[in-house]
Amino acid sequence: GRSSARDTLAVVSDTTSYFVLMPIRWQDRDKVSVGREVGFLVEDTGRRLSGRIASVGRQVEMINGEQFLSVKALVSAGGTALVPGLMVRCFLEQAAVGPWEFIRRLFSS
């Protein structure tokens, strides 16, 4: 059973939407902005979800010697596949580009 302190009036849990916390490498900071679409893959089920970046952290965090920014994204409908604390693979949705832009990017990398 669940126990709570004597002065607890209620425990509220909202599972209608979820925020996903993502570490984004410092060198990829120009690729993230509020409102940009993001994808999520729940690996054990293979289910793919989407959402949008809600905020981009302003403080650099170190993880295993690398610099990251903390990004929060709000998951769109379908978040029932998630539970608090679940690890999911995150990826930025790529905007469609024309053939000339694709070739330019191919040779500039």
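The structure is a predicted model, in which local features need pLDDT of at least 70 and side-chain atom pairs count only at pLDDT 80 or more, while totals for chains, interfaces and linings use all residues. Residues are numbered from 1 along each chain as its sequence is written, and side-chain values use heavy atoms, with hydrogens and water left out.

The chain contains five strands and one helix. Helices (H or I, at least four residues) and strands (E, at least two) are DSSP runs, numbered from the N terminus. Read from the N terminus on, the elements follow the order β-β-β-β-β-α. Of the 109 residues of the chain, 18% are buried; a residue is called buried under 20% relative accessible area, exposed over 50%, and partly exposed in between, with a 1.4 Å probe and protein chains only. The accessible surface of the chain is about 8600 Å², and carbon and sulfur atoms contribute 53% of it. Among contacts (heavy atoms within 4.5 Å) in the chain with a separation of 6 or more, 58% are between residues 24 or more positions apart.

The strands form an open sheet of five strands in the order 1-4-3-2-5, with antiparallel pairing. Strand 1 and strand 5 (89–92) lie at the edges and have a single partner strand each, so one side of each is left without a neighbour in the sheet. From one strand to the next, the twist averages 40°; the axes behind this angle are lines fitted to C-alpha atoms, for helices over the stretch in contact, and angles run from 0 to 180 degrees between N-to-C directions. Two strands are taken as paired if DSSP finds at least two bridges between them.

Strand 3 takes part in two hairpins, described here in turn. Strand 2 and strand 3 run antiparallel and are joined by six bridges, with G39 standing opposite S50 in strand 3. Four residues separate these two strands in their hairpin, and G46 in the turn has a positive phi of about 75°. Strand 3 and strand 4 also run antiparallel, joined by nine bridges. In this pairing, I53 has A73 in strand 4 as its bridge partner, and M62 stands opposite Q67 in strand 4. The hairpin of strand 3 and strand 4 has two residues between the strands, and N64 in the turn has a positive phi of about 50°.

The largest nonpolar core has 15 residues, of which M22, F40, V75 and L82 touch the most other members. At least two residues of this core come from each of strand 1 (19–25), strand 2 (37–42), strand 3 (47–63) and strand 4 (66–75). A nonpolar core is a set of buried Ala, Val, Leu, Ile, Met, Phe, Trp, Tyr and Cys residues joined through side-chain atoms within 4.5 Å.

The surroundings of V60 were also examined. V60 is located in strand 3 and counts as partly exposed because its relative accessibility is 35%. Leaving aside neighbours within four places in sequence, V60 is in contact with W26, Q67, F68 and L69. Of these, W26 is 34 residues from V60 in sequence, with a C-alpha to C-alpha distance of 7.6 Å.

Three salt bridges were counted, a salt bridge being a side-chain nitrogen of Lys or Arg within 4 Å of a carboxyl oxygen of Asp or Glu. One of them joins R25 and E66, whose closest N and O atoms are 3.2 Å apart. This pair links distant parts of the chain, as R25 is in strand 1 and E66 in strand 4, 41 residues apart. R25 is partly exposed at 38% relative accessibility, and E66 is partly exposed at 35%. In another, E37 meets R52, with 3.9 Å between the closest N and O atoms. E37 belongs to strand 2 and R52 to strand 3, so the pair ties together parts that are 15 residues apart in sequence. E37 is partly exposed, with a relative accessible area of 32%, and R52 is partly exposed at 45%. A salt bridge is also formed by the side chains of K31 and D28 (3.6 Å, N to O). K31 is partly exposed at 44% relative accessible area, and D28 is partly exposed at 23%.

Notes:
Areas by Shrake-Rupley, 256 points an atom, 1.4 Å probe, with all protein chains shown as cover.
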